Amino acid sequence: MSATGAYRHLFSPLRLGPLTLRNRIVFSAHLTNYAADGHPTDQHAAYYAARAAGGAGLIITEEHSTHPTDWPYEKLIHGFHPDVVPGYKKITEAVHAHGVPILAQLNHNGGQASGMFSRLPVWAPSAVPDPMFREVPKAVTVAEIAEIVAGYGLVAEHCAQGGFDGVELQCSHSSIVRGFLSPATNKRTDDYGGSLANRARILLEIVDAVREAIGRDHALGVRICGDELIEGGTTIDEAVEVARMVEASGKVDYINTSIGVATATLYMIEASMHIPPGYAMFIPSAMRRAVQLPVVGVGRFKDPLQADRALVEGHCDLIGVVRGQIADPDFAAKARAGHATDIRTCLSCNQECVGRMGLNRWLGCIENPRTGREAVPIPSPTIPGRRVLVVGGGPAGLQAAASAAKQGHRVTLCERSEETGGQVSVAASVPSRAEFLDVVRNLLAECRRLGVEIRTGVEVDAAHVQRERPDVVVLATGARPAPPWWAGGLDRVVDVRDVLEGRAEPSGSVLVFDELGFHQATSVAELLADRGCDVEIATPGMVVGQDLGVTLDMETFNVRAHAKKIKQTTDRVIMGASAAADGRVALQVLHHTVGANLEPTYDWVVCAVPQAPEDGLWHALRGCGIPVHRAGDCVAPRRAHAAVVEGHRVAVSL
């Protein structure tokens, strides 16, 4: 809808220094890992251009390093090299083609880094090691502070030469400036330490240097951390005072906000679905009451209604929507057109965005196979207008159907259950994971918009396929639970799916055995604890649910597990199971780090273990004369992102 419709505040224009934004939706800065050898790439240009084409009001790129001592991760843009300017021009020209302004974020990560790539000591205000990197930084001298300030000015100049409409100073979650501002990391006794005015001195010097470099015809913003959420760190009162200082300089056009630090409290910066939307709104709200500059609010904005409400209630002037536009580049355009229900809403699962960053891979999205591949053209269909039969309505099948229909094929999807969703629907039945169901809702809505014929309650076999006589078949039949070798056929040794699908109702003492290291075991453990069971999670690994750390779910799970009295046991391997005299399950367990053999008993054992591919139809159709493809768990049981990627890959190859 237009500015006079349902989201009139969200789609009202705003003056930002020399810029006029057509709406209040900001694609805020975030890491992408798209850089190559310190340079921006064509993928950067395509990625940002897609969000500009999708209607964002303002785009702010990922950080550009301002000094050779700042190289915390491999694929970082080295803005201090003059040869980045041609790459900058490609990005800005691609975005400006859609009439959208674009800013570059400037940063020096300070002590939140490592010398692994630079082979130099990391710089920080004081020799306080970061809890993640565990590397003692070098406390910078006054002369080196001047060098840091000059570096910001130099990179700002490069950005102006490259066509950016301005720059934003990263002074929040991972920044040497935040390190100076925070009493937890600034222990100096000179003019850059002690009082808040002293700790903010470097920030104001950088503001001066950058404004001089870019002039008044470019916008300048500052991103401030409102609460570090660490002992002795910056809190909202000091952050508001910093905002006032920034405004008083007369050289800044807006203030952006953040919460947490990018190591100790990272799980609050890129919060998962366990953290309520709008959780950080108190920060921009407090700053907006204190300053006249426009303020950007961030914090898991999932839909335009939520964003518009924050503006109406006066919490902020602009809304940072990052993961929402990673999932759907057309977030803004769909909202403006009155089609908010068509938005591919973010799951806040953090698997392919935050999670891939943590694994040093390029940024993607669990439900958008084109994220991170915008620069790669989709091939034309080998044979246009084919009749495609998709078997299976989980994420692989739904994505295959949607992508095939988008390519112009006539698609029919058959699902044997009464509803689509597959294992995603099962996983989302746990209350704390309900938002995960959005991947099914989003794909199902897309299939319907594209004219896919969806038949539920239909069991497809080889005879059914022969009757239909499609031009091509895509199998997405999923996976089935596979009991572990040691289960011995015991009735009280069950799979997590047996619990979630209602085939088993454990009670009493329950061991959840975790070989997968993800949400399967931890979610079911919480569910059983809520039902009154005495729950223990055991794993062969060193940490229960070890991959929850990658998606920033570990901290909040441990808080909940402690509250629910869920016991966690590591380094255990089950070697056998038998029925005890009282009907319980007697286990033979190896504590493998010390070689001890244990014989605990439980009322029930619930297994989160690898599944088996449901590939019977694949074998039945081989040699049938019709091309047959597979996607997702029926190829090899994995996680939802693999199903979505494969569904898309198969569809565009037809």
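## Cysteines

C353 is buried, its relative accessible area being 11%, where buried denotes under 20% relative accessible area, exposed over 50% and partly exposed the range in between, computed with a 1.4 Å probe on protein chains only. This is a predicted model, in which local features need pLDDT of at least 70 and side-chain atom pairs count only at pLDDT 80 or more, while totals for chains, interfaces and linings use all residues. Residues are numbered from 1 along each chain as its sequence is written, and side-chain values use heavy atoms, with hydrogens and water left out.

The closest cysteine sulfur to that of C353 belongs to C346 and lies 6.3 Å away, which is too far for a bond. C624 likewise counts as buried, at 17% relative accessibility, and its sulfur is 15 Å from the closest cysteine sulfur, in C634, again too far for a bond. The structure holds zero disulfides, a disulfide being a pair of cysteine sulfur atoms within 2.5 Å.

Helices (H or I, at least four residues) and strands (E, at least two) are DSSP runs, numbered from the N terminus. Helix 6 covers residues 201-214, and its 14 residues should span 20 Å at 1.5 Å a residue, which agrees with the 20 Å between its end C-alpha atoms; the expected span is 1.5 Å times one less than the number of residues. Buried residues of helix 6 include I202, I206, V207, V210 and I214, and the helix is followed by G215, whose phi is positive, near 75 degrees.

V210 and L169 have the most contacts inside the largest nonpolar core, which has 83 residues; such a core is a set of buried Ala, Val, Leu, Ile, Met, Phe, Trp, Tyr and Cys residues joined through side-chain atoms within 4.5 Å. Leaving aside neighbours within four places in sequence, L169 is in contact (heavy atoms within 4.5 Å) with residues including I206, V207 and V210. Another core, of 33 residues, lies apart from it and has F436, V440, L444 and V650 among its members.

Strand 14 (residues 387-391) and strand 17 (residues 472-475) run parallel and are joined by four bridges, with L389 standing opposite V473. T412 has its place in strand 15 (residues 410-415) and counts as buried at 14% relative accessibility; not counting residues up to four places away in sequence, T412 touches V388, L389, V390, E453 and R455.

Strand 21 (residues 534-538) pairs with strand 22 in the parallel sense over three bridges, and E536 stands opposite K567.

Note on methods: Two strands pair if DSSP finds at least two bridges between them.
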